[in-house]
Amino acid sequence: MKIDLDDGMPPNLSRSLLPESGKKIEILEKAKSAEKLEKALSLESCVSVPTEKCSYDEATYGIGDAVFSMFLVSPQVVSVWRGTWGIMELHPELFPYAQIYLLGIVIHICFALLRAKLLERSAGAYSSPGGGPFSWITERILSRVYTYIFILCNIMHWRGGFGLFDLFISTVVPEASDPHRPVLILAVTLTFYVAAAFLRSSRNFLASPYFLVTDGKEATYIFTTRFRVSNSRETMLYILDCIFSVAVVGSLVVFVWRGSWALLDIFLFPEDVAKSCWTSLIVGYAIVVVTFALQAPVRWAAARLQGAPRLLLADVYHLVSFIATVNVWRGVWGLLDVYFFPDSPKLSNWSSHIISLAFLILLNCSNSIIVRGVYIDAEEPAGECVVFPCHYLRLFFHKERTKKRHRRALQAAASARKQEDASLPLQIPEEKV
(Lines give C-alpha, C1' and ligand atoms only; values in the text may rest on other atoms or scores of the structure.)
Protein backbone atom coordinates (compact mmCIF):
# COMPACT_ATOMS: atom_id res chain seq x y z
CA MET A 1 0.00 0.00 0.00
CA LYS A 2 1.33 3.40 -0.92
CA ILE A 3 1.75 5.69 2.02
CA ASP A 4 1.63 9.04 0.26
CA LEU A 5 -1.45 11.19 0.67
CA ASP A 6 -1.34 11.76 -3.10
CA ASP A 7 -2.56 8.19 -3.48
CA GLY A 8 -5.89 7.36 -5.08
CA MET A 9 -4.99 6.09 -8.55
CA PRO A 10 -4.88 2.67 -10.10
CA PRO A 11 -1.32 1.43 -10.58
CA ASN A 12 0.51 2.50 -13.74
CA LEU A 13 -2.26 4.94 -14.62
CA SER A 14 -0.01 7.97 -14.96
CA ARG A 15 2.36 5.93 -17.10
CA SER A 16 -0.41 5.17 -19.58
CA LEU A 17 -1.63 8.77 -19.66
CA LEU A 18 1.64 10.59 -20.13
CA PRO A 19 2.99 10.68 -23.69
CA GLU A 20 6.44 9.29 -24.41
CA SER A 21 8.87 12.20 -24.09
CA GLY A 22 12.19 12.68 -22.36
CA LYS A 23 10.95 15.01 -19.66
CA LYS A 24 7.90 12.90 -18.92
CA ILE A 25 9.95 9.71 -18.83
CA GLU A 26 12.23 11.38 -16.27
CA ILE A 27 9.18 12.29 -14.15
CA LEU A 28 7.89 8.74 -14.37
CA GLU A 29 11.29 7.29 -13.41
CA LYS A 30 11.42 9.51 -10.33
CA ALA A 31 7.88 8.54 -9.41
CA LYS A 32 8.75 4.88 -9.90
CA SER A 33 11.82 5.18 -7.67
CA ALA A 34 9.80 6.97 -5.01
CA GLU A 35 7.13 4.28 -5.20
CA LYS A 36 9.75 1.56 -4.71
CA LEU A 37 11.15 3.38 -1.70
CA GLU A 38 7.67 3.82 -0.24
CA LYS A 39 6.91 0.14 -0.71
CA ALA A 40 10.20 -0.80 0.92
CA LEU A 41 9.47 1.46 3.87
CA SER A 42 5.95 0.10 4.10
CA LEU A 43 7.26 -3.46 4.25
CA GLU A 44 9.92 -2.41 6.74
CA SER A 45 7.26 -0.91 9.01
CA CYS A 46 5.58 -4.27 9.45
CA VAL A 47 8.58 -6.59 9.34
CA SER A 48 9.67 -5.83 12.89
CA VAL A 49 6.09 -5.59 14.21
CA PRO A 50 4.03 -8.67 15.08
CA THR A 51 1.44 -9.54 12.45
CA GLU A 52 -1.36 -9.32 14.99
CA LYS A 53 -0.38 -5.76 15.95
CA CYS A 54 -0.01 -4.70 12.31
CA SER A 55 -3.43 -6.16 11.46
CA TYR A 56 -4.92 -4.52 14.56
CA ASP A 57 -3.46 -1.13 13.59
CA GLU A 58 -4.76 -1.43 10.04
CA ALA A 59 -8.23 -2.38 11.30
CA THR A 60 -8.20 0.52 13.76
CA TYR A 61 -7.15 3.01 11.10
CA GLY A 62 -9.75 1.56 8.72
CA ILE A 63 -12.51 2.14 11.26
CA GLY A 64 -11.16 5.63 11.90
CA ASP A 65 -11.18 6.38 8.15
CA ALA A 66 -14.78 5.18 7.84
CA VAL A 67 -15.93 7.32 10.78
CA PHE A 68 -13.90 10.29 9.51
CA SER A 69 -15.45 10.01 6.05
CA MET A 70 -19.02 9.41 7.27
CA PHE A 71 -19.38 12.06 9.93
CA LEU A 72 -16.81 14.73 9.10
CA VAL A 73 -16.04 14.80 5.38
CA SER A 74 -19.35 13.65 3.91
CA PRO A 75 -21.59 16.34 5.51
CA GLN A 76 -19.15 19.03 4.37
CA VAL A 77 -19.13 17.69 0.82
CA VAL A 78 -22.93 17.71 0.74
CA SER A 79 -22.92 21.22 2.21
CA VAL A 80 -20.68 22.53 -0.57
CA TRP A 81 -22.93 21.01 -3.22
CA ARG A 82 -26.06 22.29 -1.52
CA GLY A 83 -24.69 25.81 -1.12
CA THR A 84 -23.39 26.09 -4.69
CA TRP A 85 -26.55 24.55 -6.09
CA GLY A 86 -28.66 26.96 -4.05
CA ILE A 87 -26.71 29.97 -5.30
CA MET A 88 -27.48 28.88 -8.86
CA GLU A 89 -31.14 28.41 -7.92
CA LEU A 90 -31.26 32.02 -6.72
CA HIS A 91 -30.28 33.17 -10.24
CA PRO A 92 -32.10 30.81 -12.61
CA GLU A 93 -31.81 33.27 -15.50
CA LEU A 94 -28.01 32.97 -15.35
CA PHE A 95 -28.00 29.17 -15.08
CA PRO A 96 -30.59 27.71 -17.49
CA TYR A 97 -30.70 23.91 -17.37
CA ALA A 98 -29.74 22.98 -20.93
CA GLN A 99 -26.89 25.49 -21.18
CA ILE A 100 -25.23 24.66 -17.88
CA TYR A 101 -25.68 20.93 -18.55
CA LEU A 102 -23.71 21.25 -21.79
CA LEU A 103 -21.20 23.70 -20.30
CA GLY A 104 -20.47 21.38 -17.40
CA ILE A 105 -19.88 18.47 -19.79
CA VAL A 106 -17.59 20.53 -22.06
CA ILE A 107 -15.40 21.77 -19.18
CA HIS A 108 -15.19 18.25 -17.76
CA ILE A 109 -14.15 16.84 -21.15
CA CYS A 110 -11.48 19.54 -21.54
CA PHE A 111 -10.03 18.66 -18.13
CA ALA A 112 -10.09 14.98 -19.10
CA LEU A 113 -8.17 15.71 -22.31
CA LEU A 114 -5.60 17.88 -20.51
CA ARG A 115 -5.10 15.79 -17.38
CA ALA A 116 -1.71 14.38 -18.46
CA LYS A 117 -0.38 17.84 -19.35
CA LEU A 118 -1.61 19.28 -16.07
CA LEU A 119 0.04 16.47 -14.12
CA GLU A 120 3.32 16.98 -15.97
CA ARG A 121 3.34 20.69 -15.17
CA SER A 122 2.43 20.02 -11.56
CA ALA A 123 5.10 17.34 -11.11
CA GLY A 124 7.82 19.70 -12.34
CA ALA A 125 6.81 22.64 -10.17
CA TYR A 126 9.51 21.86 -7.59
CA SER A 127 11.71 19.15 -9.11
CA SER A 128 12.40 20.75 -12.50
CA PRO A 129 15.45 23.01 -13.01
CA GLY A 130 13.23 26.08 -13.14
CA GLY A 131 11.22 25.01 -10.10
CA GLY A 132 11.55 26.03 -6.50
CA PRO A 133 9.53 27.29 -3.54
CA PHE A 134 7.85 30.02 -5.58
CA SER A 135 6.86 27.54 -8.31
CA TRP A 136 5.55 25.15 -5.68
CA ILE A 137 3.40 27.85 -4.04
CA THR A 138 2.11 28.95 -7.44
CA GLU A 139 1.24 25.35 -8.27
CA ARG A 140 -0.64 24.92 -5.01
CA ILE A 141 -2.72 28.02 -5.76
CA LEU A 142 -3.39 26.95 -9.34
CA SER A 143 -4.40 23.46 -8.23
CA ARG A 144 -6.98 24.97 -5.86
CA VAL A 145 -8.33 27.17 -8.67
CA TYR A 146 -8.51 24.10 -10.92
CA THR A 147 -10.36 22.15 -8.22
CA TYR A 148 -12.83 24.99 -7.70
CA ILE A 149 -13.59 25.26 -11.43
CA PHE A 150 -14.04 21.50 -11.53
CA ILE A 151 -16.50 21.68 -8.62
CA LEU A 152 -18.53 24.33 -10.45
CA CYS A 153 -18.58 22.37 -13.71
CA ASN A 154 -19.69 19.22 -11.85
CA ILE A 155 -22.55 21.01 -10.16
CA MET A 156 -23.62 22.69 -13.41
CA HIS A 157 -23.66 19.30 -15.14
CA TRP A 158 -25.72 17.75 -12.35
CA ARG A 159 -28.12 20.63 -11.83
CA GLY A 160 -28.71 20.83 -15.57
CA GLY A 161 -29.27 17.07 -15.73
CA PHE A 162 -31.72 17.19 -12.82
CA GLY A 163 -33.64 20.00 -14.50
CA LEU A 164 -33.79 18.21 -17.87
CA PHE A 165 -34.96 15.01 -16.16
CA ASP A 166 -37.76 16.92 -14.39
CA LEU A 167 -38.68 18.68 -17.64
CA PHE A 168 -39.03 15.35 -19.43
CA ILE A 169 -41.22 13.88 -16.68
CA SER A 170 -43.39 17.02 -16.59
CA THR A 171 -43.83 16.92 -20.36
CA VAL A 172 -44.94 13.29 -20.41
CA VAL A 173 -47.05 13.46 -17.22
CA PRO A 174 -47.99 17.13 -16.57
CA GLU A 175 -50.02 16.57 -13.39
CA ALA A 176 -47.86 16.20 -10.26
CA SER A 177 -50.63 14.20 -8.54
CA ASP A 178 -51.00 11.76 -11.43
CA PRO A 179 -50.35 8.20 -10.13
CA HIS A 180 -48.54 7.40 -13.38
CA ARG A 181 -45.77 9.88 -12.60
CA PRO A 182 -43.95 7.71 -10.00
CA VAL A 183 -44.25 4.75 -12.38
CA LEU A 184 -42.66 6.75 -15.18
CA ILE A 185 -39.87 8.00 -12.90
CA LEU A 186 -39.16 4.46 -11.72
CA ALA A 187 -39.15 3.09 -15.26
CA VAL A 188 -36.77 5.77 -16.55
CA THR A 189 -34.49 5.40 -13.52
CA LEU A 190 -34.30 1.62 -13.88
CA THR A 191 -33.59 1.96 -17.59
CA PHE A 192 -30.64 4.25 -16.96
CA TYR A 193 -29.40 2.04 -14.12
CA VAL A 194 -29.50 -1.09 -16.29
CA ALA A 195 -27.65 0.78 -19.03
CA ALA A 196 -24.91 1.74 -16.57
CA ALA A 197 -24.74 -1.80 -15.20
CA PHE A 198 -24.46 -3.12 -18.76
CA LEU A 199 -21.45 -0.81 -19.21
CA ARG A 200 -20.05 -2.21 -15.94
CA SER A 201 -20.22 1.26 -14.41
CA SER A 202 -22.64 0.87 -11.50
CA ARG A 203 -19.90 1.63 -8.97
CA ASN A 204 -19.85 5.19 -10.28
CA PHE A 205 -23.18 5.88 -8.56
CA LEU A 206 -21.36 6.01 -5.22
CA ALA A 207 -20.04 9.21 -3.70
CA SER A 208 -19.01 10.45 -0.27
CA PRO A 209 -19.01 8.85 2.34
CA TYR A 210 -17.77 5.88 0.30
CA PHE A 211 -15.14 7.92 -1.52
CA LEU A 212 -12.53 10.11 0.11
CA VAL A 213 -9.94 11.74 -2.16
CA THR A 214 -7.05 13.68 -0.69
CA ASP A 215 -5.51 16.68 -2.42
CA GLY A 216 -2.27 16.00 -4.27
CA LYS A 217 -0.69 16.02 -7.71
CA GLU A 218 -2.01 12.75 -9.11
CA ALA A 219 -5.24 12.74 -7.10
CA THR A 220 -6.02 16.24 -8.36
CA TYR A 221 -5.30 15.88 -12.06
CA ILE A 222 -5.45 12.21 -13.01
CA PHE A 223 -8.73 10.31 -13.27
CA THR A 224 -9.71 7.28 -15.29
CA THR A 225 -11.92 7.01 -18.36
CA ARG A 226 -14.16 4.11 -19.36
CA PHE A 227 -11.94 2.42 -21.94
CA ARG A 228 -8.52 3.46 -20.55
CA VAL A 229 -7.28 4.62 -23.96
CA SER A 230 -3.78 6.13 -23.91
CA ASN A 231 -3.37 9.61 -25.38
CA SER A 232 0.16 8.83 -26.59
CA ARG A 233 -0.90 6.36 -29.29
CA GLU A 234 -4.45 6.79 -30.55
CA THR A 235 -5.44 10.41 -30.19
CA MET A 236 -8.91 10.17 -31.74
CA LEU A 237 -9.88 7.14 -29.66
CA TYR A 238 -8.54 8.93 -26.60
CA ILE A 239 -10.79 11.94 -27.32
CA LEU A 240 -13.82 9.70 -27.92
CA ASP A 241 -13.09 7.84 -24.70
CA CYS A 242 -13.09 11.12 -22.73
CA ILE A 243 -16.32 12.28 -24.39
CA PHE A 244 -18.06 8.95 -23.78
CA SER A 245 -16.93 8.79 -20.15
CA VAL A 246 -18.24 12.26 -19.31
CA ALA A 247 -21.25 12.68 -21.60
CA VAL A 248 -22.64 9.13 -21.44
CA VAL A 249 -21.49 7.42 -18.24
CA GLY A 250 -21.53 10.67 -16.27
CA SER A 251 -25.02 11.57 -17.46
CA LEU A 252 -26.36 8.10 -16.64
CA VAL A 253 -25.16 8.64 -13.09
CA VAL A 254 -26.88 12.05 -12.95
CA PHE A 255 -30.22 10.75 -14.20
CA VAL A 256 -30.27 7.71 -11.89
CA TRP A 257 -29.54 9.99 -8.94
CA ARG A 258 -32.35 12.33 -9.93
CA GLY A 259 -34.86 9.53 -10.34
CA SER A 260 -33.94 7.96 -7.00
CA TRP A 261 -34.10 11.30 -5.21
CA ALA A 262 -37.49 12.10 -6.78
CA LEU A 263 -38.93 8.74 -5.69
CA LEU A 264 -37.83 9.41 -2.11
CA ASP A 265 -39.52 12.83 -2.29
CA ILE A 266 -42.75 11.19 -3.43
CA PHE A 267 -42.95 8.22 -1.06
CA LEU A 268 -41.03 9.23 2.08
CA PHE A 269 -43.36 11.43 4.17
CA PRO A 270 -44.03 14.00 1.42
CA GLU A 271 -46.30 16.00 3.76
CA ASP A 272 -43.55 16.60 6.33
CA VAL A 273 -40.21 17.73 4.90
CA ALA A 274 -38.30 17.64 8.20
CA LYS A 275 -39.54 14.15 9.07
CA SER A 276 -38.72 12.96 5.56
CA CYS A 277 -35.16 14.30 5.73
CA TRP A 278 -34.53 12.91 9.22
CA THR A 279 -35.75 9.51 8.05
CA SER A 280 -33.45 9.64 5.02
CA LEU A 281 -30.51 10.60 7.21
CA ILE A 282 -31.08 7.84 9.78
CA VAL A 283 -31.77 5.14 7.19
CA GLY A 284 -28.86 6.27 5.05
CA TYR A 285 -26.30 6.26 7.84
CA ALA A 286 -27.63 2.94 9.18
CA ILE A 287 -27.03 1.31 5.78
CA VAL A 288 -23.63 3.00 5.48
CA VAL A 289 -22.55 1.52 8.82
CA VAL A 290 -23.81 -1.92 7.78
CA THR A 291 -22.03 -1.82 4.40
CA PHE A 292 -18.75 -0.75 5.98
CA ALA A 293 -19.14 -3.49 8.59
CA LEU A 294 -19.82 -6.09 5.88
CA GLN A 295 -16.87 -5.03 3.75
CA ALA A 296 -14.52 -7.70 5.13
CA PRO A 297 -16.86 -10.70 4.54
CA VAL A 298 -17.98 -9.36 1.14
CA ARG A 299 -14.33 -8.88 0.20
CA TRP A 300 -13.59 -12.45 1.32
CA ALA A 301 -16.48 -13.77 -0.80
CA ALA A 302 -15.52 -11.71 -3.86
CA ALA A 303 -11.94 -13.00 -3.69
CA ARG A 304 -13.26 -16.57 -4.04
CA LEU A 305 -15.63 -15.90 -6.93
CA GLN A 306 -14.85 -15.49 -10.60
CA GLY A 307 -16.63 -14.13 -13.64
CA ALA A 308 -20.36 -13.35 -13.52
CA PRO A 309 -20.95 -14.36 -9.87
CA ARG A 310 -18.21 -12.00 -8.71
CA LEU A 311 -19.58 -9.17 -10.84
CA LEU A 312 -23.11 -9.81 -9.55
CA LEU A 313 -21.93 -9.71 -5.93
CA ALA A 314 -20.09 -6.42 -6.53
CA ASP A 315 -23.12 -4.90 -8.30
CA VAL A 316 -25.54 -5.86 -5.51
CA TYR A 317 -23.16 -4.54 -2.86
CA HIS A 318 -22.74 -1.28 -4.74
CA LEU A 319 -26.49 -0.96 -5.29
CA VAL A 320 -27.15 -1.18 -1.55
CA SER A 321 -24.35 1.33 -0.97
CA PHE A 322 -25.87 3.65 -3.57
CA ILE A 323 -29.23 3.58 -1.77
CA ALA A 324 -27.40 4.58 1.40
CA THR A 325 -25.52 7.36 -0.39
CA VAL A 326 -28.65 8.96 -1.84
CA ASN A 327 -30.39 8.87 1.53
CA VAL A 328 -27.42 10.44 3.34
CA TRP A 329 -27.13 13.22 0.77
CA ARG A 330 -30.86 13.88 0.75
CA GLY A 331 -30.99 13.90 4.55
CA VAL A 332 -28.08 16.30 5.06
CA TRP A 333 -29.20 18.53 2.18
CA GLY A 334 -32.80 18.73 3.36
CA LEU A 335 -31.94 19.35 7.00
CA LEU A 336 -29.67 22.22 6.00
CA ASP A 337 -32.59 23.69 4.07
CA VAL A 338 -34.88 23.28 7.09
CA TYR A 339 -32.60 24.41 9.94
CA PHE A 340 -29.68 26.42 8.53
CA PHE A 341 -30.91 30.03 8.10
CA PRO A 342 -34.16 28.93 6.42
CA ASP A 343 -35.46 32.52 6.27
CA SER A 344 -32.36 33.77 4.45
CA PRO A 345 -31.56 31.47 1.50
CA LYS A 346 -28.78 33.71 0.25
CA LEU A 347 -26.94 33.71 3.58
CA SER A 348 -27.57 30.00 4.03
CA ASN A 349 -26.25 29.01 0.61
CA TRP A 350 -23.20 31.25 0.66
CA SER A 351 -22.30 30.13 4.18
CA SER A 352 -22.57 26.47 3.19
CA HIS A 353 -20.48 27.08 0.10
CA ILE A 354 -17.66 29.07 1.71
CA ILE A 355 -17.35 27.50 5.18
CA SER A 356 -17.54 23.87 4.09
CA LEU A 357 -15.20 24.38 1.15
CA ALA A 358 -12.62 26.13 3.33
CA PHE A 359 -12.90 23.36 5.94
CA LEU A 360 -12.31 20.62 3.35
CA ILE A 361 -9.31 22.49 1.93
CA LEU A 362 -7.81 22.68 5.42
CA LEU A 363 -8.41 18.94 5.82
CA ASN A 364 -6.68 18.37 2.45
CA CYS A 365 -9.88 16.71 1.18
CA SER A 366 -11.33 19.24 -1.28
CA ASN A 367 -11.03 16.71 -4.14
CA SER A 368 -13.69 14.62 -2.40
CA ILE A 369 -16.23 17.18 -3.64
CA ILE A 370 -15.54 16.42 -7.30
CA VAL A 371 -17.32 13.70 -9.26
CA ARG A 372 -15.00 12.44 -11.98
CA GLY A 373 -13.39 9.34 -13.39
CA VAL A 374 -15.01 6.05 -14.36
CA TYR A 375 -14.67 2.92 -12.26
CA ILE A 376 -15.21 -0.43 -13.97
CA ASP A 377 -17.18 -2.94 -11.92
CA ALA A 378 -15.11 -5.87 -10.58
CA GLU A 379 -12.01 -4.61 -12.40
CA GLU A 380 -9.68 -4.87 -9.41
CA PRO A 381 -8.15 -8.25 -8.58
CA ALA A 382 -9.52 -10.59 -5.92
CA GLY A 383 -11.72 -8.83 -3.37
CA GLU A 384 -10.39 -5.32 -4.01
CA CYS A 385 -13.37 -4.62 -6.27
CA VAL A 386 -15.62 -4.08 -3.24
CA VAL A 387 -13.19 -2.00 -1.18
CA PHE A 388 -14.19 1.63 -0.76
CA PRO A 389 -11.30 4.08 -1.35
CA CYS A 390 -11.46 5.87 2.01
CA HIS A 391 -7.82 6.29 3.04
CA TYR A 392 -6.87 9.26 5.15
CA LEU A 393 -5.88 8.55 8.76
CA ARG A 394 -4.45 5.20 7.67
CA LEU A 395 -2.12 6.86 5.20
CA PHE A 396 -1.13 9.67 7.52
CA PHE A 397 -0.23 7.51 10.51
CA HIS A 398 1.42 4.88 8.35
CA LYS A 399 3.51 7.56 6.70
CA GLU A 400 4.58 9.02 10.02
CA ARG A 401 5.39 5.56 11.39
CA THR A 402 7.56 4.62 8.43
CA LYS A 403 9.35 7.98 8.59
CA LYS A 404 10.27 7.32 12.23
CA ARG A 405 11.50 3.82 11.41
CA HIS A 406 13.52 5.14 8.51
CA ARG A 407 15.12 7.81 10.71
CA ARG A 408 15.96 5.21 13.33
CA ALA A 409 17.51 2.98 10.68
CA LEU A 410 19.65 5.86 9.40
CA GLN A 411 20.73 6.76 12.92
CA ALA A 412 21.64 3.15 13.65
CA ALA A 413 23.66 2.95 10.43
CA ALA A 414 25.50 6.20 11.27
CA SER A 415 26.22 4.98 14.80
CA ALA A 416 27.55 1.68 13.50
CA ARG A 417 29.80 3.49 11.05
CA LYS A 418 31.18 5.71 13.80
CA GLN A 419 31.96 2.66 15.93
CA GLU A 420 33.66 1.00 12.97
CA ASP A 421 35.77 4.09 12.30
CA ALA A 422 36.69 4.32 16.00
CA SER A 423 37.84 0.70 16.06
CA LEU A 424 40.30 1.16 13.19
CA PRO A 425 44.00 1.51 14.26
CA LEU A 426 45.57 4.94 13.93
CA GLN A 427 47.70 5.38 10.86
CA ILE A 428 50.74 7.53 10.36
CA PRO A 429 50.91 9.68 7.24
CA GLU A 430 53.42 7.31 5.56
CA GLU A 431 51.05 4.38 5.97
CA LYS A 432 48.16 6.38 4.51
CA VAL A 433 50.31 7.10 1.48
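This is a predicted model: local features need pLDDT of at least 70, side-chain atom pairs count only at pLDDT 80 or more; totals for chains, interfaces and linings use all residues.
Student: Why is Phe205 called buried?

Tutor: Phe205 has a relative accessibility of 1%. The cut-off for buried is under 20%. Phe205 therefore counts as buried.

Student: What makes Phe322 buried?

Tutor: The relative accessibility of Phe322 is 5%. Buried means under 20%, so Phe322 counts as buried.

Student: How many aromatic pairs does the structure hold?

Tutor: The structure holds 29 aromatic pairs. Take Phe111 and Phe150 as one case: their ring centres are 5.1 Å apart. Rings pair if their centres lie within 6.5 Å, so these two qualify.

Student: Why is the pair of Phe111 and Phe150 called tilted?

Tutor: The planes of Phe111 and Phe150 stand at 50 degrees. Under 30 degrees would count as stacked, and over 60 as edge-to-face.

Student: What makes the pair of Phe111 and Phe150 a tie between parts of the chain?

Tutor: Phe111 belongs to helix H4 (residues 97–127), and Phe150 to helix H5 (residues 133–172). The pair therefore ties together parts that are 39 residues apart in sequence.

Student: Are Phe111 and Phe150 buried or exposed?

Tutor: Phe111 has 13% relative accessibility and counts as buried. Phe150 is buried too, with a relative accessible area of 0%.

Student: How do you know how to class the ring pair of Phe205 and Phe322?

Tutor: Their ring centres are 5.4 Å apart and their planes meet at 45 degrees. That angle lies between 30 and 60 degrees, so the pair is tilted.

Student: Which parts does the pair of Phe205 and Phe322 tie together?

Tutor: Phe205 lies in the loop between H6 and helix H7 (217–221), while Phe322 lies in helix H11 (residues 307–339). The pair therefore links parts 117 residues apart in sequence.

Student: Which residues do ring pairs link into a cluster?

Tutor: Phe205 and Phe322 are both in this cluster. Trp81, Trp85, Trp158, Phe162, Tyr193, Trp257, Trp261, Trp329 and Trp333 are members too.

Student: What makes Trp81 and Trp257 stand out in the largest nonpolar core?

Tutor: That core has 92 residues, and Trp81 and Trp257 touch the most other members. Helix H8 (residues 235–267) gives the most to this core, with 14 residues.

Student: Which residues does Trp81 touch beyond four places in sequence?

Tutor: Trp81 touches Asn154, Ile155, Trp158, Trp329, Trp333, Ile369 and Val371.

Student: What makes Arg115 a charge over a ring?

Tutor: The charged end of Arg115 sits over the ring of Phe223, 5.6 Å from its centre. The distance limit is 6 Å, with a further limit of 35 degrees from the ring normal. Arg226 gives another case, over the face of Phe227 at 5.0 Å from the ring centre.

Student: Why is Thr189 called buried?

Tutor: Thr189 has a relative accessible area of 7%. The cut-off is under 20%, so Thr189 is buried. Thr189 lies in helix H6 (residues 180–198). Beyond four places in sequence, Thr189 touches Phe165, Val256, Gly259 and Ser260.

Student: What makes Leu336 buried?

Tutor: Leu336 has 18% relative accessibility. That is under 20%, so Leu336 counts as buried. Leu336 is placed in helix H11. Outside four places in sequence, Leu336 is in contact with Ser79, Arg82 and Ser348. Leu336 and Asn349 are 13 residues apart in sequence, with their C-alpha atoms 9.3 Å apart.

Student: How do you know that the length of helix H12 is close to that expected?

Tutor: Helix H12 (residues 345–362) has 18 residues and reaches 26 Å from first C-alpha to last. The expected value at 1.5 Å a residue is 26 Å. Among the buried residues of H12 are Ser348, Asn349, His353 and Leu360. Asn364 follows H12, with a positive phi near 65 degrees.

Student: What is the secondary structure of the protein?

Tutor: The protein has 14 helices and zero strands. Of its 433 residues, 48% count as buried.

Student: Where does UniProt place the feature "transmembrane region"?

Tutor: The unreviewed UniProt entry lists spans including residues 94–114 and 278–298. Residues 94–114 are 86% helix and 0% strand, with end C-alpha atoms 28 Å apart. Residues 278–298 are 95% helix and 0% strand, with end C-alpha atoms 29 Å apart.

Technical notes: Residues are numbered from 1 along each chain as its sequence is written. Side-chain values use heavy atoms; hydrogens and water are left out. UniProt positions are given in the numbering used here, feature names are shortened, and annotations may be inferred rather than shown by experiment. Helices (H or I, at least four residues) and strands (E, at least two) are DSSP runs, numbered from the N terminus. Buried means under 20% relative accessible area, exposed over 50%, partly exposed in between (1.4 Å probe, protein chains only). Contact means heavy atoms within 4.5 Å. The expected span of a helix is 1.5 Å times one less than its number of residues. A nonpolar core is a set of buried Ala, Val, Leu, Ile, Met, Phe, Trp, Tyr and Cys residues joined through side-chain atoms within 4.5 Å. Rings of Phe, Tyr and Trp (its six-membered ring) pair if their centres lie within 6.5 Å; planes under 30 degrees apart count as stacked, over 60 as edge-to-face and the rest as tilted.
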